[in-house]
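User: I have a chain on my screen and would like to learn how to read it. Could you walk me through it?

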Amino acid sequence: MYETADELAALDDLLDRSLSSATEHLRAIVRKDERTLTGAELCSVLTGMKTLSLATVTRNAEPRISAVDGHFLHARWVFTTDGAAAKARHLRQRPAASAAHIIGDDFAVFVHGRVEFLDPSQPEFAEVEAHLTTHYGTSPSSWADDIVYLRLQPHWMVCFAADRTTLLAVLES
């Protein structure tokens with residue numbers, strides 16, 4: 001886990017605010033303290049690479065979904081893609097995005113927010129680059145001429161754990 005105490009507190013607040021502002025239908029499924037996780041628990045579930053379904057929007061307001069390798073660092077998703085990819089083009093023009101990581105009927109995390117492009121001049125870039133290089137064995141920057149690094153800044157996030165006790169027990173074993 002990379003999260004600081006302040007980041008975990010902010011994540012807990014975001015999770016609570018998001019669920020409390022959700023529809024009655026969603027709150028009936030994702031019941032607080034029964035089918036949810038704390039920020040620290042969520043971060044422990046989201047270690048390593050997780051496949052995200054990432055939704056972007058075309059200039060004609062048509063939704064597009066694709067998969068990315070998501071890494072949950074400092075309570076935010078980071079990922080890379082080729083700068084010429086449609087998703088990169090969409091996000092340059094319209095940075096609003098949604099992402100979901102789902103494991104069957106057992107676990108899910110849903111996020112809405114805005115994507116920001118990271119570059120080497122930003123202080124946090126080096127940590128993201130180091131994490132990804134350690135994970136993949138090579139720097140994503142070496143994969144093509146125009147790899148872009150992106151971070152989804154969430155303004156809404158809900159997680160669902162069908163059986164939180166079992167999910168957390170698996171993590172401890």
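Analyst: Happy to; we will go from the overall fold to the cysteines. Keep in mind that this is a predicted model.

User: How many helices and strands does the chain have, and what pattern does the chain follow along the sequence?

Analyst: Start by listing the elements, then read their order. Here there are 6 helices and 6 strands. The order along the sequence is α-α-α-β-β-β-α-β-β-α-β-α.

User: What does the radius of gyration say about the chain?

Analyst: The idea is to set the value beside the one for a compact globule. For 173 residues that would be near 16 Å, and the chain has 16 Å, so the two agree. The C-alpha trace spans about 45 × 40 × 30 Å along its principal axes.

User: What share of the residues is buried?

Analyst: Buried residues account for 43% of the 173 in the chain. As for the surface, the chain exposes about 9100 Å², with 54% of that supplied by carbon and sulfur atoms.

User: And what share of the contacts with a separation of 6 or more joins residues 24 or more positions apart?

Analyst: That share is 69%.

User: Are Cys43 and Cys159 buried or exposed?

Analyst: Cys43 is buried, at 3% relative accessible area. Cys159 is also buried, with 2% relative accessibility.

How values were computed: Residues are numbered from 1 along each chain as its sequence is written. This is a predicted model: local features need pLDDT of at least 70, side-chain atom pairs count only at pLDDT 80 or more; totals for chains, interfaces and linings use all residues. Side-chain values use heavy atoms; hydrogens and water are left out. Helices (H or I, at least four residues) and strands (E, at least two) are DSSP runs, numbered from the N terminus. The radius of gyration is taken over C-alpha atoms; the globule rule is 2.2 Å times the number of residues to the power 0.38. Buried means under 20% relative accessible area, exposed over 50%, partly exposed in between (1.4 Å probe, protein chains only). Contact means heavy atoms within 4.5 Å. Accessible areas come from the Shrake-Rupley method with a 1.4 Å probe; for residues, only the protein chains shown count as cover.
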